[in-house]
Amino acid sequence: MRILVVEDEPGIANFLRDGLTEESFAVDVAENGNKGFELASTNDYDLVLLDWMIPGLSGIEVCRQIRKSNSLVPIIFLTAKDTVSDTVFGLEAGANDYIRKPFQFEELLARIRVQLRTKEGEQNILSLGSITMNLGTHQVFSNSKEVELTQKEFALLEYLIRNKNKVCTRTRIIEHVWDIHFDADTSVIDVYINFLRKKLHDVSAKSFISTVRGVGYIARDL
Amino acid sequence: MQFNLRNRISFFYLVTTGILFGLVFFVIYFSVRETVYRHMDQDLDAESNEVEKNLVVLNDQFIITNAFEWNEREHGQIEVNPVFIQIVDTTGKVIKKTGNLLAGQLNFDYNLKSKIYFNSSLSGSPIRQVQLPIKNPLGTTLGYIVAAMPLEESSIVLQNLFVILMTTYWLVLFVLFYITRFIAGKSISPINKVIEISERITKENLDERIELPSHKDEIYKLTSTINNLLNRLEDAVLREKQFTSDASHELRTPLAVIKGTLEVLIRKPRSVEDYENKIKYCINEVDRMSTLIDQLLMLARSESGKITPVIGMIDLNKCVQSSIQRMWKYIDEKKLIVSFDDSKKNFVSADSSMTETILENILSNAVKYSPEGNEIQIKIDSINGKTVCKIKDFGIGMTHEHTLKIFDRFYRGDESRNFQVEGNGIGLAIVKKLADLQNISLEISSEVGKGTEFKIIF
């Protein structure tokens, strides 16, 4: 899951990037509104964390422009503005949620997960066949046995399961699992798919991640 | 009694018109009375002259030569315009009188030696009377002709006139009082509106303004003056609000950074190096905060007048040098070259510690916005008898509109934000305050990409 953080205060941007990366998110940071909108319109983010008071385009304007471009990406405002009218104003500009500074990092994570839930009312538990992922505790179980995964492996598995029974192209996988600093060599996906298969194949009998030749991968509920 | 403006206006108006109307009515009444009396007096004059013409005095005997005239109708009856004539001798004894006097007799006054008209009465009824001395050719008074006419009708006319005038007077005053009260009320109602709206305006709705009247009169002036006052007040309040909000934002941000960084840090066990880095980072943030708090306190003290400058002759060269020394760490870090010629002595009257703070803040800005290895020039000149200290950098510079706002509290140009230069935008606000306290003026000229020059004029 790839997140765009639009925040001009380097201290806040830094800990957000560190904390979210540890939670297996791919994080890009924009330090002003113009760059924020530019990134949001060129990349396919799963979520945008938007500060209100930033140089260049204000957070509100960035939010409006993103919505104008027909993007439905979940947007969470992060701001020190704390009156009810500010909250209403922010939500009316098209934001999905609003969190006031200073915030608890745990609360921010929980709110991010709420926004990333798919329409079927999924909770923090994702499952694919005998595999279950707990996004809250960052644990993966295969046939009730815990499997240790690295951050990237976890992120890749999460993306595939969220899009299960759909073909995930290499480009889309790169876009959603790796951040902007990653050069577009998609062969790294094959390496990580291999790791995943190995780690999970040890305990499971059937192949659940199939290769779609020349296109990408698909996770199937068997 | 406390009169409001409306009643006061109508009262004064009423008193003035009351006096004027009184005068006019007085003139009307007395001129009418005079006219009436004059007409009567003319008639009496004609009658008495006629009697005198027809009177012959022979051996102290008064003889009427024209009996026909004496016995005229007006002398015989009392119903229609009677004229009473009576002839008396010098002792006041009635020698002869007209028939209409019947048993009565006209009053005679010994003291009246010449022809005088006066009001008197005949058996209870008012009359107008004249007394004409009868003289022989030698000028000796032999007796008097007393002529009179009833005043009754004229006095009724005059009395009616008086009553009418008096009634009208009070009626007019009464009506006028209410009319002026109404008009005064109407003309001061815009003032009431001004009062009503002004009373309603508090800190919460300071953006409300009083509607300007259509006529450019005094009320218009009053209203626009109050509106201007409100504009200035609103500006001040907004600036204060902005300051409070900026101050809380600036204080909260390092707190949020520290909190967030530490929260992320303790989520997982980490290497000692990681801990050290993050803790150092947090200490840095705490330092940033305490600098800000110190500066805010200094600003607050200088604004509330709690610190007063101790003005004396100070060595400006020494101040410049000590501020360079204090900034040396940062100057050295960026390998900047600071040029300053201290061969000439420069003494100015100012507060030395305040002047050092001013120099240090301006120098610190020059350092912040200068690219590595650049030059900063400090020069002290004498211009028009004033000592001017110039601090010039060749850094990023700023637009003219930014130079106008640079002394505002918490103002930071987009340039400084974009270049990620550390700072809180409070240093120059302090500089301005301290300069104001010592009557030092500041000038700034800057060009984007070329650099900035500050002039401190003592």
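In this predicted model, the lining of the largest cavity comprises, by class, four nonpolar, one polar and four charged residues. The residues concerned are A:E23, A:F25, A:R113, A:L116, A:L135, A:H138, A:F154, A:E158 and A:R162. Two elements of chain A, α5 (105-116) and α6 (151-162), each give two or more residues to this lining. The greatest contribution to the lining of the largest cavity comes from α6(A), which supplies three residues.

The position of the largest cavity follows from the domains that line it. Both domain 1 (2-116) and domain 2 (125-219) of chain A give residues to the lining of the largest cavity, and the cavity therefore lies between these two domains.

In total, the structure holds three cavities of 30 Å³ or more. The second largest cavity contains about 40 Å³ of space. Helix α5 of chain B, spanning residues 218-265, gives the most to the lining of the second largest cavity, with four residues. Sorted by class, the lining of the second largest cavity has four nonpolar residues, two polar residues and two charged residues.

Attention is now turned to a sheet in chain B. Five strands of chain B form an open sheet with mixed pairing, arranged in the order β9-β11-β12-β14-β13. At the edges of this sheet stand β9 (337-340) and β13 (441-447) of chain B, each of which pairs on one side only. On average, neighbouring strands of the sheet are turned by 15 degrees against each other when direction is ignored.

Within the sheet, strand β12 (residues 386-393) of chain B and strand β14 (residues 451-457) of chain B run antiparallel and are joined by six bridges. In this part of the sheet, B:C389 stands opposite B:I456, a residue of β14(B).

How values were computed:
Residues numbered from 1 in each chain as written. Chains lettered and ligands numbered in written order. Predicted model: local features only at pLDDT ≥ 70, side-chain atom pairs only at ≥ 80, totals over all residues. Heavy atoms only, no water. 1 Å grid on protein atoms, 1.4 Å probe; cavity = no way out; pocket = protein on both sides within 12 Å on 5 of 7 lines; lining within 4 Å. Points joined across faces, edges and corners; volume = space filled by probe spheres on them. Nonpolar A, V, L, I, M, F, W, Y, C, P; charged D, E, K, R; others polar. Domains from an automatic or database assignment. Pairing = 2+ DSSP bridges. Axes fitted to C-alpha atoms, helices over the stretch in contact; angles between N-to-C directions.
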